[in-house]
Amino acid sequence: MAQTNAIELRHITKRFGQKVIANDDISLDLHKGEILALLGENGSGKTTLMNMLGGIYFPDEGQIFIDGEEVTIRSPKDSFRYGIGMIHQHFKLVDVFTAAENIVLGLEGEKGKLDKSSIRKTVREIAERYGFEIDPDQKVYDMSVSQKQTVEIVKVLYRGANVLILDEPTAVLTPQETDKLFAVMRNMKKDGKAIIIITHKLHEVLDVSDRVAVLRKGKYIGDVETATATQQSLTDMMVGRAVSLNIDRPKAEKCVERLVVNNLTVRDKEGVKKLDNVSFAAMGGEILGIAGVAGSGQKELLEAIAGLQPEEPGSEIRYISPEGNEMSLIGMDPLDIINAGILLSFVPEDRFGAGLVGSMPIVDNIKLRTYRDHKGILADRAKAQALADRIVLDLEVVTPNTNVIPIRRLSGGNVQKVLVGREISSSPTVLMTAYAVRGLDINTSYMIYNLLTEQKMKGAAVIYVGEDLDVLLELCDRIMVLCGGQVSGIVDAATATKEEIGLLMTQFRREDKA
Amino acid sequence: MIRITKRDGISSLLSVAIRVLAVIAALILCLVITFLFTGRDPLRVITEMVGGSFGTTKRMWEFLQRTMILSCIAVGLAPAFKMHFWNIGAEGQMLMGGLGALILMKFCWTIPSLPLLILMALLAIVFGAIWGMIPGFFKAKWNANETLFTLMMNYIAIQIVLYFCTIWEGTVGTVKIGIVNGKAEEAAYHKGWIGELFTGNFNDKDYMWLVLIVLVVVVAMWAYLRYTKQGYEISVVGDSVNTAKYAGIRVNKVYVRSMAISGGVCGFAGFLAVSAVSRTLTESTADGRGFTAIIIAWLAHTNPYLMVIFAALYTFMELAGKQMASAFQLNDYYSKILTGIVLFFVLGCEFFTNYKVRFSKKHKGGAAK
């Protein structure tokens, strides 16, 4: 009994398409009654791996053993059957149902019967046993994020889960709520449940887990007992050794303040602070890198500057034009910014959901920037066509044509070339990019780096949100690190080390946040 | 073994061919069914079908008139549908437009004909536009579901129109359908009728103006959607609201403005129905065409020219069914059955434009995925 593990993964490989290997020959054990933290950078394959336990994906190769027996998990239902309960990052609850109704949703009970009082009783028992605070009759739409998460956890316990997988459960929680969650997790552990928690936050790993397993770029790096680990040792495992990329980084002649951000605070729809008192200046003639684990406020920061996020009172965003005119961007929407003559370009993370229109051909996507240039009621066409031809030629975009084939059907690299090409075509004074090389091959990535450097030398203030620390260190002049919506440091890229940034990325300043 | 795969895209030639085949298959099925029910010579059945729309000059004008009104409503839906704003309130927008026209017809008939007609058209457009803008505004402000909202607005419009028409046409307490300015001995006789402007009297050729006016609307809408800034904004909003926002398009404004245009054109269709066709207004002036137009607009993929073709096809089937019903002593529902068959095929063929179906005799190799 003591010898069998709750879960054993053996040589698991998962590919997406021909090129992307999300998980490469991963073997991993989960002991009974332990909390295992799964650590890794974005895109290192943590969620993919867990989704194979949750029945969302099916492994291409490898075996899964549960309690020593080999199993095949083909669907979430199979996964439940083997006692695995997965709590996803995005909750899957029905808003108009109560907690109890959500908990039993989809369960095959006695035919046609819904014994609410017995459900309530069981829910209360579970809550008492592990220390949850839950009201079975509360409707989901009345709940806070943390309460919704509690419902999700009770749901899998109600179904008899012995193994719980929590995918970044603390990303949406306040520190107090996190403490409560950890207390509950320890109670579950005492009860013999095995738990896997995916998180980026090192102090949480050290706080709650017994053992840490690290993934990097789809590969299993190793595991350590938490008791013997430090933030430094975990960072090293997570980011690996620095690799020299040899990105050309010329020094710009004169740097002038272009964008000054002071005390910028942004809340999301639920009122959770996404940016907390962020202050920095972006200079014309430099590339300012922004590092941080996913969801640290990068998106909100760029959107706030672009006029897509309402700022809290007291926030300040000032733009200083190359001619030296100052204006405040607070309260401006994207059209106001265009009309004010500010040449602000933005390459958003979500190419089709924010930067481009997937069903339209290249020319019509270029038009998003140029269609207003024509006087009168007609939309510009000639200028967009000329620009499209130039981008295709200059950036070597591979496409059958520019005016028929929907851009969605081009490869990721070509799509990104069109988007970046469009955004730099207006000779922007501020150029913001979010994960501009995500999913691109090496050559295209370098082309993008060169284009950004070119813009910098022309005097634009380039803001580069990235995830690959090696690239950030070689491409940028300065790097600002965000953690939990706060600036945890601004470093000089020429002298900083990867470890330094890695530590800043996970240095969650708890006392400030509370 | 049948394999169904999603198409990556489809050549326009193939997509047209699939649709034409679907229509032909539907017509053949109509013939077979009619033959089975009535035992008539299939040739005779075809003659009657075609005769329904083209048998006499009068029927031909009737066919054109119906096609054009239906096209006009469908074209009105185009900007909304292109924006992925499901406006199913064309029925109400058309009726409100008709009401706008009727008000002037009833109370301002002393104005000379041309200005009167222009004013009627304008007021109809304004009424329709307001009826369209209300759901647009609520969508923009509170993200209210436009489908339900526009649907409910239909019923409000129907009640309003019923109320005023009963009063103005002097048919309180009767089941008669009145005709505004319809008594030959009145001075107001024929005022506000399009035909009156050109011929001084009503005859079949009146519909010529209807046809011309609607064709202008069709071309104008095509050009608006394709070449103007606003048309471009509509396409962007229809594909991705978020991309539109990033590009500095004020999405809420686009919702309200496009719904004003959508409702306005539907209101204009109401004016045409009142002034050029029925010369009166009842709740049956729209006669469900506001709903039929939804199918037409959807089939045409918001292309105004295709809308005219589908409207013609629909009208042809409707009249063919009516003609056969009377020729073979079947009741009126027969035309609905035939129209239903054609719609079923035309809508059903969408499947084949989106998916490829392959039949393979056996598949090679071990376990298939």
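In the predicted model, Gly238(B) touches Lys82(B), Met83(B) and His84(B), when residues up to four places away in sequence are not counted. Gly238(B) itself belongs to helix 9 of chain B, and this glycine counts as buried because 21 C-beta neighbours lie inside 10 Å, the threshold for burial being 20 or more.

With its neighbours within four places in sequence left aside, Ile125(B) is in contact with Gly97(B), Gly264(B), Gly267(B) and Phe268(B). Ile125(B) and Ser262(B), for their part, are 137 residues apart in sequence, while the distance between their C-alpha atoms is 9.6 Å.

Two helix pairs of chain B were examined for their packing geometry. Helix 1 (residues 12-38) and helix 2 (residues 42-54) of chain B pack at an angle of about 115 degrees, their axes being 10 Å apart, and helix 1 of chain B passes helix 2 of chain B in a right-handed crossing. On the side of helix 1 of chain B the contact is made by Leu31(B), Thr34(B) and Phe35(B), and on the side of helix 2 of chain B by Pro42(B), Val45(B) and Ile46(B). Divided by class, the contact of helix 1 with helix 2 of chain B comprises five nonpolar residues, one polar residue and no charged residues.

For the other pair, the axes of helix 12 (residues 289-299) and helix 13 (residues 304-327) of chain B come within 8 Å and cross at roughly 135 degrees, and these two helices are therefore oblique to each other. The crossing in which helix 12 of chain B passes helix 13 of chain B is right-handed. Thr292(B), Ile296(B), Ala297(B) and Leu299(B) from helix 12 of chain B meet Met307(B), Phe310(B), Ala311(B) and Tyr314(B) from helix 13 of chain B, and the residues of this contact divide into seven nonpolar, one polar and no charged.

In chain A, the domain assignment gives domain 1 (7-239), domain 2 (256-343 + 427-513) and domain 3 (362-426). The C-alpha centres of domain 1 and domain 2 of chain A lie 33 Å apart, and 15 residues of domain 1 of chain A are in contact with 14 residues of domain 2 of chain A. On the side of domain 1 of chain A that touches domain 2 of chain A, the elements giving two or more residues are helix 7 (202-208) and helix 8 (231-239) of chain A, and helix 8 of chain A gives the most, with six residues. The residues on this side of domain 1 of chain A divide into six nonpolar, six polar and three charged.

Helix 9 (residues 298-306) of chain A is mostly covered, with nine of its nine residues buried. Among these buried residues are Lys299(A), Glu300(A) and Glu303(A), as well as Leu301(A), Leu302(A) and Ile305(A). Helix 9 of chain A is followed by Gly307(A), the phi of which is positive, near 90 degrees.

Between the chains, 15 residues of chain B are in contact with 23 residues of chain A. The elements that contribute two or more residues to the side of chain B that touches chain A are helix 9 (229-239) and helix 10 (241-246) of chain B, and the residues of this side divide into five nonpolar, five polar and five charged.

Most residues other than glycine have a negative phi. Asp25(A), although not a glycine, has a positive phi of about 50 degrees; this aspartate is found in strand 2 (residues 20-30) of chain A and is partly exposed, with 14 other C-beta atoms within 10 Å. Asn143(B), likewise not a glycine, has a positive phi of about 55 degrees, and its place is in the loop between helix 5 (113-142) and helix 6 (146-168) of chain B. Asn143(B) counts as exposed because 9 C-beta neighbours lie inside 10 Å, where 12 or fewer is the criterion for exposure.

How values were computed. Residues numbered from 1 in each chain as written. Chains lettered and ligands numbered in written order. Predicted model: local features only at pLDDT ≥ 70, side-chain atom pairs only at ≥ 80, totals over all residues. Domains from an automatic or database assignment. Contact = placed C-beta atoms within 7 Å. Helix = DSSP H or I, 4+ residues; strand = E, 2+ residues; numbered from the N terminus. Nonpolar A, V, L, I, M, F, W, Y, C, P; charged D, E, K, R; others polar. Axes fitted to C-alpha atoms, helices over the stretch in contact; angles between N-to-C directions. Parallel < 35°, antiparallel > 145°, perpendicular 65-115°, else oblique. Left-handed = near helix turned anticlockwise from the far one by under 90°.
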